[in-house]
Amino acid sequence: MRNTPPDIENADVIRFSPIKLPYRYNALEPYIDEETMLIHYNKHYLGYLKKFSDLVDRYDINDQVIDIMQDINKYPVEVRDNGGGYVNHSLFWKMLKPNPKGKMNRPKGVCLNKIIEEYGTFGEFKNLMVEASKQRFGSGWIWWVMNKDGSTNILATPYQDNPYMPEYNSYPLLGIDVWEHAYYLKYDADRTDYVKNIFNVINWDEVENRCVVGNRSIFDVNIIN
Ligand code: MN3
């Protein structure tokens, strides 16, 4: 690592850069409020990234970020927590999209077919995601994931764990942050109401891309871009 030329090291810095929020802090209102987005992006997300970058330096970790997740148990738990925080939120920002007309964003294409095939209706799928969020005691994430055989399931993970990690060994199609910092200012302790409402602003175009990639069984693509 220390022998690599400066331009390669710069490339590493870029690799662990934050993704730019693809919309304004207030763009997801009234479902997610501006102040929550501001704090969530700047304090929590950039905080995870800063700590993760420091750890990558401290432990001289050279792998790609998804490779780190897939082999997470060889690192100290702080890499899991902060690297997971970086990866999960980088996915999460892109999985949301403003809904200015107030009409719920809905799945289509490969994604919708998969939902109907495996869960019956979109409404039922949504209910199962809400139920999963109730069952996650404490901080964590709710995911819709694709398994290596192409089937999907709904998964709740603790803390900043994510589906890439070997315990889950799957590919994230959709992820919802259910840490209190994601909803407390607006929803108080009502996680269920928050999860129901976030369905108004899901970016199904992004989820569709991931359904298509997952269908080709590409599990090792670098998702953070
Ligand atoms: Mn969060």
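Analyst: Helices here are DSSP runs of H or I with at least four residues, strands are runs of E with at least two, and both are numbered from the N terminus. By that rule the protein chain of this predicted model has nine helices and three strands, and from the N terminus on its elements run α-α-α-α-α-α-β-β-β-α-α-α.

User: What makes α6 and α8 antiparallel or parallel?

Analyst: The axes of helix α6 (residues 122-135) and helix α8 (residues 191-198) come within 9 Å and cross at roughly 150°. That makes α6 roughly antiparallel to α8, because angles over 145 degrees count as roughly antiparallel. The crossing in which α6 passes α8 is right-handed.

User: Which residues of α6 and α8 meet, and how do the residues of this contact divide into nonpolar, polar and charged?

Analyst: From α6 come Met129, Val130, Ser133 and Lys134, and they meet Arg191, Thr192, Val195 and Lys196 of α8. The residues of the contact of α6 with α8 divide into three nonpolar, two polar and three charged.

User: Which residues of α8 are buried, and why can they be said to line one face of the helix?

Analyst: Arg191, Tyr194, Val195 and Ile198 are the buried residues in α8. Seen down the axis of α8, these buried residues fall within an arc of 95°, so they line one face of the helix. As a general point, an α-helix has 3.6 residues a turn, so residues three or four places apart point the same way. The buried residues of α8 pack against α6, β3 (171-177) and α7 (184-187).

User: How many C-beta neighbours does Tyr159 have inside 10 Å, and what does it count as?

Analyst: With 16 C-beta neighbours inside 10 Å, Tyr159 counts as partly exposed, because a buried residue needs 20 or more and an exposed one has 12 or fewer. Tyr159 is placed in the loop between β2 (152-158) and β3, and its phi, near 50°, is a positive value in a residue other than glycine.

User: What is the omega of the peptide bond that joins Glu29 and Pro30, and where is Pro30?

Analyst: Omega is about 5° for this bond, a cis peptide bond between Glu29 and Pro30. Pro30 lies in the loop between α1 (6-15) and α2 (34-58).

How values were computed. Residues are numbered from 1 along each chain as its sequence is written. This is a predicted model: local features need pLDDT of at least 70, side-chain atom pairs count only at pLDDT 80 or more; totals for chains, interfaces and linings use all residues. Axes are lines fitted to C-alpha atoms, for helices over the stretch in contact, and angles run from 0 to 180 degrees between N-to-C directions. Angles under 35 degrees count as roughly parallel, over 145 as roughly antiparallel, 65 to 115 as roughly perpendicular and the rest as oblique. A crossing is left-handed if the near helix is turned anticlockwise from the far one by less than a right angle, and right-handed if clockwise. Two residues are in contact if their C-beta atoms, placed from the backbone, lie within 7 Å. Ala, Val, Leu, Ile, Met, Phe, Trp, Tyr, Cys and Pro count as nonpolar, Asp, Glu, Lys and Arg as charged, and the others, Gly among them, as polar. The arc is that of the directions from the helix axis to the C-beta atoms.
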